[in-house]
Amino acid sequence: DLTYTGKYIPLSREELIQKLDDALTQSRFEHVLRVEQMAIELAKRNGEDIEKASVAGLCHDYAKQRPDDDFLEVIKKYHLDDLLLHYGNAIWHGEVGYLLVQDELGVTDIDILNSIKHHTTGAKYMSKLEQIVYMADYIEMGRDFPGVEDARKITFNDLADGVAYQTKHTLEFLISENKPVYPKTIDTYNAWVNGSN
Ligand code: GDP
Ligand code: FE
Ligand code: FE
Ligand code: FE
């Protein structure tokens with residue numbers, strides 16, 4: 001039913017799925033299939049392109065299982081901010097991994113690439129597709145944290161309210177665990193929760 005046009009990725013959906021199956025563990029592979037389904041659902045509800053939602057949902061965690069050295073190589077190759085060196089896979093698989101999606105899977109669409117780049121931290125400005133991927137990752141049907149049902153209800157009612165909900169809860173979690181907070185995560189909080197920038 002979902003036949004790719006070639007506008008966003010030079011692969012068929014079947015070829016993309018095969019590459020993801022090769023790149024990811026079984027549980028991570030199943031997660032990306034569920035994120036694709038939720039991204040499509042949110043795209044339908046919000047008037048976004050279904051094919052873009054599919055490609056972005058499937059590709060969002062493409063780099064998740066890569067060794068640290070692969071990310072360090074990309075950080076060097078593209079002269080990315082040295083600040084990234086203070087973080088690890090949790091931040092790198094999106095913030096750096098989108099370049100592996102571009103270089104290895106051939107995705108050129110900037111909106112899809114930004115959706116992958118920002119799927120973990122969010123960003124001050126997020127397109128509709130970026131909001132969709134950020135939320136689909138959080139509320140896909142395999143997630144079962146306390147509050148996920150509230151998060152789904154809020155997000156189906158209003159996508160931006162869902163973004164605010166996730167941002168607030170993620171920041172609370174990071175602080176409660178004494179984790180380093182990536183500056184973009186704070187930018188997202190200030191833009192989407194506090195609203196004052
Ligand atoms: P997943 O890849 O589907 O597991 O989900 P995400 O890409 O959304 O998140 C990966 C991890 O990054 C989660 O454990 C988040 O709690 C964590 N994370 C999100 N924002 C930050 C941040 O600002 N700093 C740190 N250290 N971790 C973060
Ligand atoms: Fe992720
Ligand atoms: Fe997420
Ligand atoms: Fe994910």
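Three helices each supply at least two residues to the lining of the largest pocket: helix H5 (89-95), helix H8 (128-139) and helix H10 (159-176). This is a predicted model. H10 gives the largest share of that lining, 6 residues. The space in the pocket comes to about 780 Å³. Its lining has 28 residues, and the closest to the centre are Ala90, Thr120, Thr170, Phe173 and Leu174. By type, the lining divides into 12 nonpolar, 10 polar and 6 charged residues.

Next, the metal site. Four residues coordinate the iron ion (ligand 4) at 2.2 Å: His31 and His60 through NE2, Asp61 and Asp137 through OD. Along the chain, these donors follow the spacing H-x28-H-D-x75-D.

| Residue | Relative accessible area | Class |
|---|---|---|
| His60 | 0% | buried |
| Asp61 | 2% | buried |

His60 counts as buried because its relative accessible area, 0%, is under 20%. Asp61, at 2%, is also under 20%, so Asp61 is buried.

Where does Glu41 sit? Its place is in helix H2, which covers residues 26-46. Glu41 and Lys7 are 34 residues apart in sequence. In space, their C-alpha atoms are 21 Å apart.

How values were computed. Residues are numbered from 1 along each chain as its sequence is written. Chains are lettered from A and ligands numbered from 1 in the order in which they are written. This is a predicted model: local features need pLDDT of at least 70, side-chain atom pairs count only at pLDDT 80 or more; totals for chains, interfaces and linings use all residues. Side-chain values use heavy atoms; hydrogens and water are left out. Donors are N, O and S atoms within 2.8 Å of the metal (3.2 Å for Na, K and Ca); water is not among the atoms, so sites may look incomplete. Buried means under 20% relative accessible area, exposed over 50%, partly exposed in between (1.4 Å probe, protein chains only). Helices (H or I, at least four residues) and strands (E, at least two) are DSSP runs, numbered from the N terminus. On a 1 Å grid over the protein atoms alone, a cavity is a set of points where a 1.4 Å probe fits but cannot get out, and a pocket is an open set with protein on both sides within 12 Å along at least five of seven lines; lining residues have an atom within 4 Å of a point. Grid points are joined across faces, edges and corners, and a volume is the space filled by probe spheres set on the points. Ala, Val, Leu, Ile, Met, Phe, Trp, Tyr, Cys and Pro count as nonpolar, Asp, Glu, Lys and Arg as charged, and the others, Gly among them, as polar.
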